[in-house]
Amino acid sequence: MATNLHPGRGIFRRKPVADISEDGETGLQRSLGLWQLTAIGVGGIIGAGIFSLAGAVANEKAGPGVLLSFLIAGIASAAAAFSYAEFAGMIPKAGSAYTYGYVVLGEVVGWLIGWDLLLEYTAIVAVVAIGISGYFNDLLGFLHIDLPLWMSGAPGTEADAGAPPGSYKINLFAALLCLFIAFMLNQGMKSAARFETLLVYLKVAVVLLVIVVGAFHINAGNYQPFLPYGIGGAFTGAATVFFAVFGYDAMSTAAEESKDAQKHMPKAIMYSLAISMVLYVLACLVLTGMIPYTEISSESAFSSAFADVGLPALGAVIAIGAILGILTVLFTFMLGVTRVGFAMSRDGLLPRWFAKTHPTRKVPSRFTWLIGIASALIAGLLPIGEAAELTNIGILLAFVIVCAAVIVLRYRRPDLPRGFKCPGMPVVPVIGIIFSIWLVTFLAPETWLRFGAWFAIGLVIYFAYGYRNSKLNPARKGSQIDQGE
């Protein structure tokens, strides 16, 4: 039985579902097992959310009800995760949301979501690198080591204000960190995954240490009132922490590098989200139980909390955990953006030169270095606020596309083999769509303007290059538009 969708026409031509075999020239090496995939997912989810967002939301929006904020956000994120899991088990190809949109909704939809994720994931990498550089500068200050101002921050930051007039300013550590992660990813997926897995184990160990030690200093009276800002505060907090409960989407871009993607990818997506949510909830219980929510620091919640109960030395351990936690996020999202770009290049929508993999390591080294350099420039030359404004909206759009596509494909082709089925169809994906659209309403108008400008550039490139060079273009030699199983 053929497993293709109708190929469609024009800009809505669809990539055949049966086209899931590796390309001999540009295929990636399948080297990731279930727990390595899960570690990559956990690495992408647990980061700044547990070390900074939890404290800020508890202090300003939800009080002890911050754990409800994480639960609400987790449920909404799970609705999208189920959709990702169904696709990952059915279409084990690199590209994640880009590939799923291409297969179900058409080439132009796939292009737009892929083009958007290129910016979003690259910006996340840069933002994370800038955040780590801040911890690094603080650590150097603790050791009484002062870096030259010209290399301590981007133009427009405090380092810029103190630097001599006419001098160059760059966040050198953040830029070098982006290049280092690109270097690690280019060592081969097996080596890179070992590096990421080690960091994730260390990070989880630090979080568990914080939870266990903090549990002995809980005062139940600090949980009252549980919802000082009302239930609305918990929902507002959920909108804030939602961006701390995704990361599995970037991990799913590595489906083509899984040893048994159809079995392992759905499990890894669900395991990584479940593990992260348990750690988030326990950490919130400990944090809000140790000190009153009004006294929780919005910037260094756990360090301040342990100092207040007489354990300031543990703050150094927490700082190390925060750095490790954020570093794994950087790794996961750079992995994600390079695999999206690789998939787009292999499909002909971007120059196929970028889809050429390393002859022995079987990684898209050209595109990886491109992203490494681009993220290094953003991290080195933009303040964290401006870089952060490039993120968020594209992730939510990807969630909407994937949740909608899983509904369409389930009813259009119920006969397709599925290693995992999204439960509660179509209610669960609809919840993911509604929640993602609701969160979009919280974004600033400037974000929409940047988003529109980036989309406009993307459409110009698509019609000038991608449409004509697509592997599905019937006028192109080697077109796959009529290929079947």
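A nonpolar surface patch is made of nonpolar side chains joined within 5 Å, in residues with over 30% relative accessible area and no salt bridge. In this predicted model, such a patch of about 550 Å² is made by F180, F183, W369, I373, L377 and L381. The elements that give two or more residues to this patch are α7 (172-185) and α14 (365-381), and α14 gives the most, with four residues.

The protein chain as a whole contains 18 helices and zero strands. Of its 485 residues, 58% are buried, while the chain exposes about 18,600 Å², of which carbon and sulfur atoms supply 68%. When contacts between residues at least 6 apart in sequence are considered, 82% of them join residues at least 24 apart.

In soluble globular proteins, nonpolar side chains tend to be buried together. The largest nonpolar core in the model has 159 residues, and those with the most contacts inside it are F70, Y84, F87, Y121, F242, Y248 and I269. Helix α13 (residues 314-346) gives the most to this core, with 17 residues. Around F87, residues up to four places away in sequence being left out of the count, the contacts are with Y100, V104, V402, A405, V406 and L409.

Charged side chains form nine salt bridges. One of them joins R13 and E107, whose closest N and O atoms are 3.0 Å apart; since R13 lies in the segment before α1 (34-45) and E107 in helix α5 (residues 107-142), the pair ties together parts that are 94 residues apart in sequence. Both R13 and E107 are buried. A salt bridge is also found between R346 and E256, at 2.6 Å from N to O, and because R346 lies in helix α13 and E256 in the loop between α10 (248-251) and α11 (261-290), this pair ties together parts that are 90 residues apart in sequence. R346 and E256 are likewise buried. In the salt bridge between K61 and E60, with an N to O distance of 4.0 Å, K61 is partly exposed at 25% relative accessible area, and E60 is partly exposed at 44%.

In the segment after α18 (445-469), N473 is buried, with a relative accessible area of 10%, and a polar atom of the N473 side chain lies 3.4 Å from the backbone oxygen of Y467.

Note on methods:
Residues are numbered from 1 along each chain as its sequence is written. This is a predicted model: local features need pLDDT of at least 70, side-chain atom pairs count only at pLDDT 80 or more; totals for chains, interfaces and linings use all residues. Side-chain values use heavy atoms; hydrogens and water are left out. A nonpolar core is a set of buried Ala, Val, Leu, Ile, Met, Phe, Trp, Tyr and Cys residues joined through side-chain atoms within 4.5 Å. Buried means under 20% relative accessible area, exposed over 50%, partly exposed in between (1.4 Å probe, protein chains only). Contact means heavy atoms within 4.5 Å. Accessible areas come from the Shrake-Rupley method with a 1.4 Å probe; for residues, only the protein chains shown count as cover. A polar contact is a pair of N or O atoms within 3.5 Å; within protein, one must be able to donate a hydrogen and the other to accept it, and residues adjacent in sequence count only if both atoms are side-chain atoms. Patches are made of residues with over 30% relative accessible area and no salt bridge: like charges are joined within 9 Å, nonpolar side chains (Val, Leu, Ile, Met, Phe, Trp, Tyr) within 5 Å.
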